[in-house]
Amino acid sequence: MKIQDDTTGFAALEKHEWSDAAVAQSYARAFAQAADMVVPHLVSAVKAGPNTEVLDLCCGHGNVTGGLVNKGAKVTGLDFSPAMLEMARKAAPQARFVEGDAMNIGFEAETFDAVTIGFGMPHVPDPARVVEEVRRVLRPNGRLAFSVWCGPEVDTALGYVFGAIEAHGHPDIALPPGPGANDYADPAISFPVLEAAGFKECHCTTVASMWQVDDPGAPYDYFLEGTARGGALLRPQPEKNAVAIRDAVIALVMEKHGGGPLWNVPIPAVVTAAVAV
Ligand SMILES: C[S@@+](CC[C@H](N)C(=O)[O-])C[C@H]1O[C@@H](n2cnc3c(N)ncnc32)[C@H](O)[C@@H]1O
């Protein structure tokens with residue numbers, strides 16, 4: 001029961017989970033089919049091209065890195081998970097990869113023309129610190145774009161799973177305190193932080209990303225096996241609770257998206273972009 005072993009809080013939980021090769025590989029294999037749909041939006045938001053030097057923060061298995069490389073950009077991927085970086089090096093061999101912390105980027109000021117962060121913001125203990133670091137390493141007029149999953153106020157698999165955990169999960173299983181998983185999908189939260197750090201022209205768009213699955217319980221499986229917070233909440237559940245949570249997700253998917261044999265399950269994301277002053 002991993003969550004009970006965690007004594008150093010949210011940061012340690014995130015590092016521990018993403019460094020687990022099984023979690024990293026499961027994210028890349030299944031969960032990221034929706035994240036991959038967001039890649040072109042990040043790539044175009046930073047105007048990546050042959051003359052741009054781009055830092056892909058929280059690069060994971062290299063899906064955004066690969067999209068940037070395909071546009072001819074010179075790309076550096078940064079992630080703190082060796083398991084993720086191993087996959088990223090294979091996915092985008094033309095890029096350079098470094099192991100590091102997004103909250104303490106080890107590059108000189110004004111090194112990059114653009115920074116992308118694909119679904120990294122919810123995983124750092126202090127997203128505002130990341131925004132400051134990004135501003136520091138960007139050249140003036142450099143571009144930042146980051147993606148964050150929409151919260152449960154819209155129709156999303158994320159809401160189905162976390163709603164089912166709330167309804168059927170064991171009450172003793174909780175996460176250590178950390179930033180809200182969907183905070184930076186909300187411009188009321190992200191824009192003031194961006195502006196305070198020295199960004200202008202903030203804007204955001206919603207991407208209708210989704211999973212096509214052949215099992216209505218797949219969203220449960222994807223969060224269980226391929227995420228840090230979801231895994232930490234789902235893996236320690238006693239069997240009775242786990243079954244109830246998965247059944248509730250299945251019921252929601254079938255109620256909202258029909259009887260199969262394939263289900264298109266929405267998991268939309270917000271892409272936020274801004275320009276360094
Ligand atoms: C949800 S995955 C996103 C992967 C990929 N960018 C995408 O768009 O699908 C989050 C990634 O952030 C990395 N990560 C989380 N916190 C980090 C930190 N403080 N510094 C560097 N990487 C971090 C994890 O190792 C993981 O690879």
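How many C-beta neighbours inside 10 Å does E201 have, and does that count as buried or exposed? With 12 such neighbours, E201 counts as exposed, since a residue is called buried if 20 or more other C-beta atoms lie within 10 Å of its own, exposed if 12 or fewer, and partly exposed in between, with C-beta atoms placed from the backbone. The structure is a predicted model, in which local features need pLDDT of at least 70, side-chain atom pairs count only at pLDDT 80 or more, and totals for chains, interfaces and linings use all residues. Residues are numbered from 1 along each chain as its sequence is written.

Helices (H or I, at least four residues) and strands (E, at least two) are DSSP runs, numbered from the N terminus, and two strands pair if DSSP finds at least two bridges between them. On these terms, seven strands form an open sheet in the order 3-2-1-4-5-9-6, with mixed pairing. Strand 3 (96-99) and strand 6 (199-207) are the edge strands, each with a single partner strand, so one side of each lacks a neighbour in the sheet. Neighbouring strands of the sheet are turned against each other by 15° on average, direction ignored; here axes are lines fitted to C-alpha atoms, for helices over the stretch in contact, and angles run from 0 to 180 degrees between N-to-C directions.

The pairings can be followed across the sheet. Strand 2 (residues 74-79) pairs with strand 3 in the parallel sense over four bridges, and G77 stands opposite F97 of strand 3. Strand 1 (residues 53-57) is likewise parallel to strand 4 (residues 112-118), over four bridges, with I117 of strand 4 as the bridge partner of L57. Strand 4 is mostly covered, as seven of its seven residues are buried. Six bridges join strand 4 to strand 5, again in parallel, and T116 faces A145 in strand 5. Helix 8 (residues 187-197) lies across strand 6 and strand 9 (269-276), running at about 155° to strand 6.

Buried nonpolar residues come next. In soluble globular proteins, nonpolar side chains tend to be buried together. A nonpolar core is taken as a set of buried Ala, Val, Leu, Ile, Met, Phe, Trp, Tyr and Cys residues joined through C-beta atoms within 7 Å. Of the 92 residues in the largest such core, L42, V54, V115, L144, V148, V161 and V271 touch the most other members. Helix 3 gives the most to this core, with 13 residues. Leaving aside neighbours within four places in sequence, L144 is in contact (C-beta atoms, placed from the backbone, within 7 Å) with V115, V134, L138, F199, A273 and A274. Helix 9 (residues 218-226) has seven of its nine residues buried, so it is largely enclosed by the rest of the structure. Its buried residues, among them Y220 and F223, pack against helix 3, helix 7 (157-168), strand 7 (210-213), helix 10 (228-234), helix 11 (239-257) and strand 8 (263-266).

Around the ligand there is a shell of 22 residues, of which W18, C58, G60, S81 and G118 are the closest; a residue is near a molecule or strand if its C-beta atom, placed from the backbone, lies within 6 Å of it. Helix 2 (9-19), helix 3 (21-45) and helix 4 (63-70) each supply at least two residues of this shell, and the largest share, three residues, comes from helix 3.

Some backbone details complete the picture. Most residues other than glycine have a negative phi, and most peptide bonds are trans. E201, in strand 6, has a positive phi near 50°. K47, in the loop between helix 3 and strand 1, has a positive phi of about 55° and counts as partly exposed, with 15 C-beta neighbours inside 10 Å. A cis peptide bond with omega of about 15° joins G260 and P261, and P261 sits in the loop between helix 11 and strand 8.

How values were computed
Two residues are in contact if their C-beta atoms, placed from the backbone, lie within 7 Å.
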